[in-house]
Amino acid sequence: MSWFENARFGMFIHWGLYSAAGGCWKGMETPWVSEWMMSKFRIPRAEYRTLASSFTGENFDAERWMRTIAGAGMKYLVITSKHHDGFAMFDSSYDDYNVVRLTPFGRDPLKELAGAAPKYGVKLGFYYSHVQDWNEPGAAGNTWDFPQDAKTDEAFQAYLDGKVKHQLRELLTNYGDVSVLWFDMPGRISCEQARDLRDFVRDLAPRCLVNGRLDYRQKWDFDSLGDNLLPFEKCTFPSEGCGTMNESWGYKPSDHHYRTVPEILKTMAGLVSCNANYLLNVGPDGMGNFPPEACRILEGTGEFLRRNGEALYGASAPPMVSTAHLWGNVTCRGGDLYFWCFRNPGRLDYYGIRNQVESAEIIGGEKVPFEQYSRDEYDFHRLTMFVPQTPTPFVIRVKCKGDIVCDPYAYGASSKG
Ligand code: FHN
């Protein structure tokens with residue numbers, strides 16, 4: 001798990017046939033996320049597959065994607081190898097319903113990404129929709145082509161033993177080191193079926209991590225938090241939160257609800273200060289372009305992390321109970337505390353540190369004057385920082401003598417700000 005817990009920041013990519021449609025079907029636009037278009041419009045599978053002819057991928061360049069990912073400060077990538085529509089974004093011998101056989105693009109993007117990833121120090125993971133598959137009669141989801149009463153336990157098991165295992169074997173044997181298998185929407189899977197899939201993955205790729213959405217009754221290798229949710233307390237198990245930059249996971253050109261860079265950084269801080277990774281989604285279009293708004297956000301995170309990365313990589317929640325404050329969040333690495341400030345509190349009081357504080361400074365900026373006050377008989381310790389005017393967001397590094405020793409139940413911090 002150590003690479004995963006050090007990495008803290010990864011890219012999620014939703015890329016599939018739906019990317020070529022951008023949420024529109026026969027002049028109608030889905031009000032929902034674009035990758036659910038087939039289900040929301042109950043598009044017959046025979047018609048949906050015609051979308052393949054407009055998936056050109058002509059601007060796809062694995063090296064460019066990897067440069068963007070690494071440049072944004074991300075350490076791993078999880079890309080849809082098969083989303084709920086059942087379309088394989090890799091060369092699968094299971095059937096022709098895949099990107100190589102059916103689209104004018106005709107290439108295997110996962111192969112090209114697997115080739116480029118090591119050069120950029122990016123670990124590769126595959127999203128795989130294991131229960132929903134709208135192209136298969138025995139899988140969950142498609143009740144417009146296949147009657148619900150045909151979805152028997154036997155049919156579902158046959159789907160798992162057939163398509164799912166066949167394709168997982170391909171993914172885990174043809175693409176070098178796969179670091180994560182990211183399952184989603186476990187729905188009807190039983191404990192035994194989930195365990196069997198996990199064992200299947202372990203046998204083929206012992207080091208590949210499996211996320212908690214394999215089956216919600218267990219957390220598996222790491223817990224997948226809810227979409228676009230922040231934990232409200234520290235995670236005690238390796239965890240990851242995933243989120244969108246706008247609303248849709250798949251490409252949807254009409255969705256301009258992009259968060260700002262400080263908002264994205266605030267989500268990042270909210271997650272890592274609770275011990276969770278951040279998997280941030282991009283939905284490229286059918287030609288393989290990242291939306292320009294997404295590129296601007298990724299440049300912004302990269303720029304921030306080139307300066308402040310020490311507050312993120314290998315960092316975790318501080319030992320204090322509270323990690324979230326009105327001005328921002330606190331992370332910790334060894335004897336250093338990092339105060340991610342999204343508004344300047346002016347005077348910042350932080351309670352509970354028993355160590356002697358050696359220095360406080362804005363990373364890449366000014367020193368922060370501070371004083372410590374304690375009443376040992378009450379185990380009362382307060383660090384007061386007088387934060388100079390500086391543009392937000394910024395991070396204050398507080399160096400303590402030795403590893404942090406604290407009164408974990410101290411308030412953590414309060415401030416006038
Ligand atoms: O239904 C999917 C959705 O399309 C998207 O893939 C997200 C990403 O976490 N997962 C499901 C909903 O939770």
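In this predicted model, helix α10 (residues 261-272) packs against helix α11 (residues 292-308) with an angle of about 60° between them and their axes 9 Å apart. That angle makes α10 oblique to α11. The crossing of these two helices, α10 and α11, is right-handed.

Two packed helices are described by the angle between their axes and by the distance between the axes. A second pair can be read in these terms: helix α5 (residues 62-71) and helix α7 (residues 109-116) pack at about 55°, and their axes are 9 Å apart. Helices α5 and α7 are therefore oblique to each other. Here too the handedness can be stated, for α5 passes α7 in a right-handed crossing.

The crossing of α8 and α9 is right-handed.

Which residues come nearest to the ligand? Among the 14 residues around it, these are His-14, Glu-35, Trp-36, Asp-184 and Asp-227. By residue class, the shell around the ligand consists of 7 nonpolar, 3 polar and 4 charged residues.

His-14 places a polar side-chain atom 2.7 Å from an oxygen atom of the ligand. For Trp-36, an N or O atom of the side chain is 2.8 Å from an oxygen atom of the ligand. His-83 likewise has a polar side-chain atom that lies 2.8 Å from an oxygen atom of the ligand. Of the 330 Å² of accessible area that the ligand has on its own, the protein covers 89%.

Two features of the backbone remain. Most residues other than glycine have a negative phi, and most peptide bonds are trans. Against that background, Arg-8 has a phi near 65°, a positive value in a residue other than glycine. Arg-8 is located in the loop between α1 (2-7) and β1 (9-13). The other feature is the peptide bond from Thr-392 to Pro-393, which is cis, with omega near -5°. Pro-393 belongs to the loop that lies between β16 (380-386) and β17 (394-400).

How values were computed:
Residues numbered from 1 in each chain as written. Predicted model: local features only at pLDDT ≥ 70, side-chain atom pairs only at ≥ 80, totals over all residues. Heavy atoms only, no water. Near = heavy atom within 4 Å. Polar contact = N/O pair within 3.5 Å; in protein donor to acceptor, adjacent residues only side chain to side chain. Areas by Shrake-Rupley, 256 points an atom, 1.4 Å probe, with all protein chains shown as cover. Nonpolar A, V, L, I, M, F, W, Y, C, P; charged D, E, K, R; others polar. Left-handed = near helix turned anticlockwise from the far one by under 90°. Helix = DSSP H or I, 4+ residues; strand = E, 2+ residues; numbered from the N terminus. Axes fitted to C-alpha atoms, helices over the stretch in contact; angles between N-to-C directions. Parallel < 35°, antiparallel > 145°, perpendicular 65-115°, else oblique.
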